[in-house]
Amino acid sequence: GRMLASPSTDKTIRLWDAETGECLRTLVGHENHVSSVAWNPIGRTLASGGQDNTVKLWETASGRLLCSLHGHQAAVLSVAFDLEVQTLASGGEDTTIKLWEAATGRSLFTLAGHTNWVYRVAFSPDGKYIATAGLDRTARLWDAKTGRLLHVLRGHTHEKVLSVAFSPDG
């Protein structure tokens, strides 16, 4: 809770000291806007998703880029780690959700079903589920281990479902 990360349209991620407001480090490596960031809940790594269609993993103490993950065909709008840091999820303008092995960046599988951009991805606290929010008026619930679609949640009347979040008790 001592550091804050902020992605920007200036192609950077800034790491801030939450107590003093001082900029501690600037991460540079995306070729276009950086849309989202997610902290690894255990370690000191950060994932970022960008308009350059990549997910990047960073070692925050040094600011070193660990790896770039390729697989999305359009901008990556959201990234999230499960709490055990085994899996990283990313969603984007290509209407897919990609699951990656967090330690290695190896692609695990792709979830498909949204008919428009996937705006947010979130893991349940127990890591069993992934929720996604899409610009197709739906939120969706997936099995995180198999990738099976469990539920399509309909009811929003505007075209954009912008976010999803699980309750702390799962």
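Reader: What makes the lining of the second largest pocket divide into nonpolar, polar and charged residues as it does?

Author: In this predicted model, the lining divides into eleven nonpolar, two polar and no charged residues, because Ala, Val, Leu, Ile, Met, Phe, Trp, Tyr, Cys and Pro count as nonpolar, Asp, Glu, Lys and Arg as charged, and the others, Gly among them, as polar. Of the 13 residues that line the second largest pocket, the closest to its centre are F81, L83, A122, F123 and S124. Local features need pLDDT of at least 70 and side-chain atom pairs count only at pLDDT 80 or more, while totals for chains, interfaces and linings use all residues. Residues are numbered from 1 along each chain as its sequence is written, and side-chain values use heavy atoms, with hydrogens and water left out.

Reader: What makes a residue part of the lining of a pocket?

Author: On a 1 Å grid over the protein atoms alone, a pocket is an open set of points where a 1.4 Å probe fits, with protein on both sides within 12 Å along at least five of seven lines, and lining residues have an atom within 4 Å of a point. For the largest pocket, these residues are G1, R2, M3, D17, E19, L24, W39 and R44, which divide into three nonpolar, one polar and four charged.

Reader: Why are β10 and β11 called paired strands?

Author: Two strands (E runs in DSSP of at least two residues, numbered from the N terminus) pair if DSSP finds at least two bridges between them; five bridges join β10 (residues 96-101) to β11, so the two strands pair.

Conventions
Helix = DSSP H or I, 4+ residues; strand = E, 2+ residues; numbered from the N terminus.
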